[in-house]
Structures are given as C-alpha cells and as structure tokens.
Amino acid sequence: MLTVLQEKLAEAHGLAMAATPLTEKVETRTYDPELKLELAELRRESEETRARCIAVEERLDEELRTHVLAHANTIKGKAFDLVGAWFKAGTGPLAAWNFLAMAEAGEVAVWLPLARLAERDGGREVAELVEWALPIQERHLRAALDGTTRLASVLEPGAPRWG
C-alpha cells in the first residue's frame with residue numbers, strides 16, 4: 001500500500017511519462033517554429049523529470065517500487081485516455097495548446113502538494129526532486145499559456161474554425 005507521498009510521487013512520474021507523447025501530438029499541429037522549439041524543450045525536461053523520478057524510486061525496496069511504478073503507469077494511461085479524447089480530427093493548433101496548458105496545470109497541481117508532503121516527511125531525495133522539478137513545471141505551464149496567447153494573436157477571430 002502506498003503512502004500519500006508515494007502516491008503523489010507516482011502521479012508526478014506518470015504525468016512526466018505522458019508528457020513526451022503529448023508534446024509530440026501538439027507538435028504535429030504546430031506550425032510556428034518558435035513554438036516547436038518550446039515543445040522540444042518541454043519534452044526534454046519531461047524526460048529528465050521522468051529519469052529523476054526513477055532515480056528516487058530506485059531507492060525504494062523492490063515491492064514498493066513495483067507499486068509506485070504500477071500507479072505511475074495507471075496515471076499515464078488515464079492521461080493517454082484524455083489525449084485520445086481531445087485529439088480527434090479537427091483539433092487545431094489552438095485547441096492542442098489549450099490541452100497542453102490544461103495538462104501542465106495538472107502537473108503543477110501534483111507537484112505543489114508533493115512539495116508540501118516532502119517538506120513534512122519526504123526524505124532528502126524527494127525534497128531535492130521537488131525543488132528541481134516544481135519550478136520547471138511552473139515554467140512549462142507559463143510556456144503553454146503563452147503558446148495559446150501567441151496562437152490566438154495570429155488567428156483571425158471571424159475565420160472558420162480550424163479543421
């Protein structure tokens with residue numbers, strides 16, 4: 001059975017695993033070269049987050065590590081279900097970036113309580129992971145929101161919807 005802290009760690013890990021395919025999906029609908037570069041950076045940092053989560057989890061005993069990873073995979077699966085429902089034919093760049101912003105907000109919403117839990121009783125490894133990851137996740141959210149604004153600034157308000 002997972003503790004609250006371990007469950008949040010698994011959720012953060014699962015969302016980091018889901019971030020790579022999500023940014024790839026958003027990239028297929030993005031034509032702006034600067035936004036494509038931003039997506040590549042988000043993807044690289046999400047992969048680094050995933051690697052750092054694994055490094056923390058490797059310090060757990062094997063049975064607990066298995067449970068944490070199973071929960072992380074469940075979270076990744078739920079995220080994929082949402083991506084599949086959102087990215088249908090006709091999902092344009094702005095809608096794709098809106099979804100990315102929602103996903104990044106979800107990540108921040110997981111890392112914030114993990115930070116508080118780690119402060120109280122998370123051990124040095126989890127605290128260091130959160131100290132590194134939370135500012136990155138907050139920056140990812142800002143980048144996604146900025147991307148929606150950038151896209152909206154070039155769209156013609158009265159034009160037919162994309163797709």
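Predicted model: local features only at pLDDT ≥ 70, side-chain atom pairs only at ≥ 80, totals over all residues.
## Handedness first

A crossing counts as right-handed when the near helix is turned clockwise from the far one by less than a right angle, and as left-handed when the turn is anticlockwise.

## α3 against α4

These two helices pack at an angle of about 160°, with 11 Å between their axes. Angles over 145 degrees count as roughly antiparallel, so that is how α3 and α4 run relative to each other.

Who does the touching? On the α3 side, L82, V83 and W86 make the contact, and on the α4 side A95, A96, F99 and M102. Sorted by class, the contact of α3 with α4 comes out as seven nonpolar residues, with no polar and no charged ones.

## α1 against α3

Helix α1 covers residues 4-27 and helix α3 covers residues 62-86; their axes come within 7 Å and cross at roughly 40°. That angle makes α1 oblique to α3. The crossing here is right-handed.

The list of contact residues goes like this: α1 brings in Q6, E7, A10, E11, H13, G14, L15, M17, A18, P21, L22 and K25, while α3 answers with L64, V68, L69, H71, A72, N73, I75, K76, A79, F80 and V83. By class, this contact of α1 with α3 holds 14 nonpolar, five polar and four charged residues. V83 of α3 turns up here, and V83 is also part of the contact with α4.

## α1 against α4

Helix α4 (residues 93-121) packs on α1 at an angle of about 160°, and the two axes are 9 Å apart. The pair is therefore roughly antiparallel. This time the crossing is left-handed. As for the residues involved, the contact of α1 with α4 has 20 nonpolar, two polar and four charged.

Taken by itself, α4 has 29 residues and reaches 42 Å from its first C-alpha to its last, close to the 42 Å expected at 1.5 Å a residue. After α4 comes G123, with a positive phi near 80°.

Helix α5 takes in residues 123-154, which is 32 residues, and reaches 47 Å from first C-alpha to last, close to the expected 46 Å. There is a bend along the way, though: a kink of about 25° lies at A133 in α5, shortly before the proline P135.

Notes
Residues numbered from 1 in each chain as written. Heavy atoms only, no water. Axes fitted to C-alpha atoms, helices over the stretch in contact; angles between N-to-C directions. Helix = DSSP H or I, 4+ residues; strand = E, 2+ residues; numbered from the N terminus. Parallel < 35°, antiparallel > 145°, perpendicular 65-115°, else oblique. Contact = heavy atoms within 4.5 Å. Nonpolar A, V, L, I, M, F, W, Y, C, P; charged D, E, K, R; others polar. Expected span 1.5 Å × (residues − 1). Bend = angle between axes of the 7 residues up to and from the residue.
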